[in-house]
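Work through the following exercises with the coordinates open.

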Amino acid sequence: MGNGIALPVGQLAEITAKVSQGLRIDAADARWLWKNATDAELCSLAAVVRSRFHAADACTYMVMRIINYTNVCVAQCDYCAFYKLPGVSGGYVLSQEQVFAKLDELLVLGGDLAAFNGGFNPQLPLSYYCDLFAAIRARYGDSIEFYALTIAEFLYLADHAKLSYADAAARLKEAGVRWITGGGSEILTEDFRARHSKFKYTVAEYFLAQKAILDAGLKTTATMVIGFDETLDERIEHLERTRRFQDETGGLASFLCWTFKPYFTQIGGIEITTAEYLRHLALSRIYLDNIPRIRTSVLTQNERALDGLRYGADDFDLPIEDEVTQKAGATISLDFERILNYARQLGYSPQYRHVSVGNKV
Ligand code: SF4
């Protein structure tokens, strides 16, 4: 090579050719990349897929808060530091007034997206959710958008109310809900769920519910959490299932992966490094060639998450609160300019992505 740039050879050359031609990598390719590709090689392949959807220096962000409306939960996931069993001291349920106060503060801080995330609380009837969401629509109109629940909570709510997934989605839609996120997925393999969250529904139930949510005309997203004891094959299986669901439905607006925070959890352990997270982001971008928006997690990586823009991500949240991850060790900074400047120094031009109606989601 006269110019000193080495061309890929062997397996890397084959995978590079596939990606460059717009072809898909398969699970074996993903396994090979994870084990053998350098960070620079992963970034380069991720940039090829990213460039199909976004300009090289483009990225978007939102200011949002997660509202943990109840911490009472019967699921007992062993990686969770947030929940209280029913009847145990410290359990709470937020009133509408408390939720409004959090939304008012979000608006003051320049945000317009809230994501509701709580527990499987057997004391809360369907009317708690429907009344709350209808009241938010009535009070805030389209100035705020909200992700009503995660798929996991939706599954519990439907079962608890003895409704089909279709009927539960319809009831929430009538109450003004537009979004139910793909949260509660963690690692989408039946083995992982049997090991860590056997009361949190199966993978099959997860996707049935997500399909019913889309069929009802609601929007949804894909998520993933890494850094437990999951194997490489389990991570790739999760990506494969997500890609397949998107092929079948086209309904996943984005993919967000974050990392497990182990502090004060039953399983404990140590956090994976940011370097490992970034490599996984790149692999996700390359594998999920049918999801335009790949998000990086400031909530769990702070400003280092923005290095993920070089690893294929194009979008991120600036969160102001999430009790679930904060209880397990996450720290949140409200110095948004410092975080945005980190992206600018990397050569990106972050643009606010309003989710309230009238703006693109
Ligand atoms: S992760 Fe969610 S479902 Fe599992 S115990 Fe915690 S609050 Fe409950």
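**Exercise 1: the ligand shell**

Task: List the residues around the ligand and sort them by class.

Solution. The model is a predicted one. Step 2: sort them. The shell around the ligand holds 8 nonpolar, 3 polar and 1 charged residues.

**Exercise 2: overall dimensions**

Task: Count the helices and strands of the chain, and compare its radius of gyration with the globule rule.

Solution. Step 1: the chain has 14 helices and 9 strands. Step 3: along the principal axes, the C-alpha atoms fill a box of roughly 70 × 40 × 40 Å.

**Exercise 3: helices α2 and α10**

Task: Describe how α2 and α10 cross and name the residues in contact.

Solution. Step 1: the axes of α2 (residues 27–36) and α10 (residues 232–249) come within 10 Å and cross at roughly 135°. Step 2: an angle of this kind makes α2 oblique to α10. Step 3: the crossing of α2 with α10 is right-handed. Step 4: α2 contributes A27, A30, R31 and W34 to the contact, while α10 contributes L232, I236, L239 and E240. By class, this contact of α2 with α10 has 6 nonpolar, no polar and 2 charged residues.

**Exercise 4: helices α7 and α9**

Solution. Step 3: α7 and α9 cross in a right-handed sense. Step 4: Y165, A166 and A169 of α7 meet L208, A209, A212, I213 and D215 of α9. The contact of α7 with α9 comprises 7 nonpolar, no polar and 1 charged residues.

**Exercise 5: helices α3 and α11**

Task: What is the handedness of the crossing of α3 and α11, and which residues meet there?

Solution. Step 1: within 8 Å of each other, the axes of α3 (residues 39–50) and α11 (residues 274–287) cross at roughly 35°. Step 2: the crossing of α3 and α11 is left-handed. Step 3: on α3 the contact residues are D39, L42, C43, L45, A46, V49 and R50, and on α11 they are R279, A282, L283, R285 and I286. Sorted by class, the contact of α3 with α11 has 8 nonpolar, no polar and 4 charged residues.

Note on methods
Residues numbered from 1 in each chain as written. Predicted model: local features only at pLDDT ≥ 70, side-chain atom pairs only at ≥ 80, totals over all residues. Nonpolar A, V, L, I, M, F, W, Y, C, P; charged D, E, K, R; others polar. Axes fitted to C-alpha atoms, helices over the stretch in contact; angles between N-to-C directions. Helix = DSSP H or I, 4+ residues; strand = E, 2+ residues; numbered from the N terminus. Parallel < 35°, antiparallel > 145°, perpendicular 65-115°, else oblique. Left-handed = near helix turned anticlockwise from the far one by under 90°. Contact = placed C-beta atoms within 7 Å. Rg over C-alpha atoms; globule rule 2.2 N^0.38 Å.
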